[in-house]
Amino acid sequence: MNDYTRETVSSLFYDKVDAIIIVDAQKDIYHTVKKRGLFEAFLEADGNYKSLIEKLWFHFSDNSTKIADDYHVFIPMIGQFKGKYVDRIKLNINGENRLIQISIYPLDENCNKYMFIFDELDNSEYLREFLTDRKVDTIQNSYLFSMYVDLIKDIAYSINVTEISSNPQNYDVKYTTWRMMIVNMIWPEDQSLFLERTDPEYLKKNLLPGRTSSFDCQMKNLKGVFIWVKLIFSRASTTNDDDFRFVFMVQDIHENSMQLFETLKKYEDLASKDPLTSLFNHGRIETEISNAVESFKSKGTPVSLMMLDIDFFKKVNDTFGHSVGDVILKQFADLVVEFLKPHDIKTGRWGGEEFVCVCYDMDSSKVSQIAEDLRQKILEAEFDTVGKLTCSVGLTEVSSNDTAKSVFDRVDRAMYEAKTNGRNQVVKK
């Protein structure tokens, strides 16, 4: 044992490791002292340090897919190491995952210069790492990001991005700096909520020790795609009430959120759609009339109403039965919707054989032509069992003195005037 001296150990160490580089983070450069194996092609003799950081940590841990460019603003921070650091990462070389151990040693007091030591681990170690990752994934596969926050010191540390590495990164950042950088990854409509709920003073005021607060928003993931996430703040319980330390986590809730939205949409349709024709039901189209009046008064853009009534529909029910009548109502509604599809027109079944259309950004002159063309289209159509049908149409334009009731009463009178004047015609009031 006494034969092992500093010189022999240094020589053994140099022979055993796969690669050694010296980094100057301030100058953004690295110099390779030794490389072999897969590092022959991976490391340049002299290279750009930020590019190396990107290759090492800015890809997904299980493949070579690069992280979205928006997140590259964090490269300079990740390249600053506080003290000694060891990490295991996966590099995808020629389509094959290779497990790498990196040991990092600061070479100066300011942590601007480092020595990186690289070693490729053998297959048994890779298998152990893989099984460990599967256990971690089983427990925390929905947590994308976590970090500790000290609001008094304004610092975020032990930052862990699970899709990059299972190990926390050995760098820290000012919490206020991180907050203003990450807001750009939040969906624009959610940014004000994010800034409010992550504000240091808000957290101090609203979270007691041991309590947790969360909110849902859309956030750009590492692939650059907006997904639904839950942002969670949990305040640590300490003996000092003025000690504001938090755990912050980002949980992926996208799949569950999309399923929830789909379910809610189904219930919304049930609450607002007519079950026979799939048009807006009476209550929903009534709300649309009120919205239209308010829209006209706030924006000043024209809005018109159109009301249709199938002529002699009672005769259809009396002659062929209500089941045939239901088929005709469905066919009629489908024809109207298809004809009005090019326009911003909301259509609903008012009741029985009566239908109401709310026509946005259209004055009565434009709607008159649409109504006439629609009346002609219905006249020419062939309906199952009954053959030919006609309809009477009333229309009116919203005015500044209107309420939802007054404009509806007016279009209703116009429609009944069309019926009393002989049916199969358009009347405007």
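Helix 12 passes helix 13 in a right-handed crossing, a term used when the near helix is turned clockwise from the far one by less than a right angle. The model is a predicted one, in which local features need pLDDT of at least 70 and side-chain atom pairs count only at pLDDT 80 or more, while totals for chains, interfaces and linings use all residues. Residues are numbered from 1 along each chain as its sequence is written, and side-chain values use heavy atoms, with hydrogens and water left out.

The axes of helix 12 (residues 322-340) and helix 13 (residues 364-380) come within 11 Å and cross at roughly 140 degrees, which makes helix 12 oblique to helix 13. Oblique covers the angles left over once those under 35 degrees (roughly parallel), over 145 (roughly antiparallel) and 65 to 115 (roughly perpendicular) are set aside. From helix 12, Phe-332, Leu-335, Val-336, Phe-339 and Leu-340 meet Ile-370, Asp-373, Leu-374, Lys-377 and Ile-378 of helix 13, contact being heavy atoms within 4.5 Å. By class, this contact of helix 12 with helix 13 has 8 nonpolar, no polar and 2 charged residues.

Two non-glycine residues with a positive phi are listed below.

| Residue | Phi | Loop | Relative accessible area |
|---|---|---|---|
| Phe-312 | about 55 degrees | between strand 12 (303-310) and helix 11 (313-320) | 51% |
| Asn-424 | about 50 degrees | between helix 14 (404-420) and strand 16 (426-428) | 25% |

Phe-312 is exposed, whereas Asn-424 is partly exposed; exposed means over 50% relative accessible area and buried under 20%, with partly exposed in between (1.4 Å probe, protein chains only).

How values were computed
Axes fitted to C-alpha atoms, helices over the stretch in contact; angles between N-to-C directions. Helix = DSSP H or I, 4+ residues; strand = E, 2+ residues; numbered from the N terminus. Nonpolar A, V, L, I, M, F, W, Y, C, P; charged D, E, K, R; others polar.
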